[in-house]
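Visitor: Hi, could you walk me through this one slowly? I would like to ask things as they come up.
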Amino acid sequence: MYVCLCKAVTDKAIRQQVEAGACSMRELKQTLGVGTQCGKCVCQASDILDSALSKHSSQQRIPVLMINNSRPAA
């Protein structure tokens with residue numbers, strides 16, 4: 001569906017940008033132009049961004065660094 005009529009930006013395009021690494025409205029504004037004209041789309045675009053980021057982060061496994069918590073010898 002179209003989110004930004006001024007720049008013809010769809011929800012799919014926003015999700016694709018998240019997959020490509022976008023993680024803020026600032027990045028979406030720079031890459032897609034969403035929210036740069038009348039601004040009526042900003043709330044909906046932000047909601048889609050948040051949803052896509054949540055889904056994207058839950059699908060990725062984040063490596064965990066294990067640290068040895070042993071105490072130094074006295």
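Visitor: Which side chains meet D11 or R15 in a salt bridge?
Guide: The side chains of D11 and R15 meet each other in a salt bridge, with 2.8 Å from N to O, where a salt bridge is defined as a side-chain nitrogen of Lys or Arg within 4 Å of a carboxyl oxygen of Asp or Glu. By this rule the count comes to one salt bridge. Please keep in mind that this is a predicted model, in which local features need pLDDT of at least 70 and side-chain atom pairs count only at pLDDT 80 or more, while totals for chains, interfaces and linings use all residues. Residues are numbered from 1 along each chain as its sequence is written, and side-chain values use heavy atoms, with hydrogens and water left out.

Visitor: And how far apart are D11 and R15 in helix α1?
Guide: They are four residues apart in helix α1 (residues 11–19), so about one helical turn separates D11 from R15. Helices here are DSSP runs of H or I with at least four residues, strands are runs of E with at least two, and both are numbered from the N terminus.

Visitor: Is D11 buried or exposed?
Guide: D11 is buried, because its relative accessible area is 14%, whereas R15 is partly exposed at 38%. Buried means under 20% relative accessible area, exposed means over 50%, and partly exposed is in between, using a 1.4 Å probe and protein chains only.

Visitor: Which other residues of α1 are buried?
Guide: Besides D11, the buried residues of α1 are A13, I14 and V18.

Visitor: What do the buried residues of α1 pack against?
Guide: They pack against β1 (2–4), β2 (9–10), α2 (25–32) and α3, with a contact meaning heavy atoms within 4.5 Å. After α1 comes G21, whose phi is positive, near 120°.

Visitor: Changing topic, how many disulfides does a search of the whole structure find?
Guide: The search finds zero disulfides, a disulfide being counted as a pair of cysteine sulfur atoms within 2.5 Å. C4 is in none, and the nearest cysteine sulfur, that of C41, is 3.8 Å away. C4 counts as buried, at 3% relative accessibility.

Visitor: Where does V42 lie?
Guide: V42 lies in helix α3 (residues 42–59), and V42 is partly exposed, with a relative accessible area of 27%. Leaving out residues up to four places away in sequence, V42 touches M25 and G35. V42 and M25 are 17 residues apart in sequence, yet 8.3 Å apart in space, from C-alpha to C-alpha.

Visitor: Last one: in what order do the elements of the chain run?
Guide: From the N terminus on, they run β-β-α-α-α, which is three helices and two strands. Of the 74 residues of the chain, 26% count as buried.
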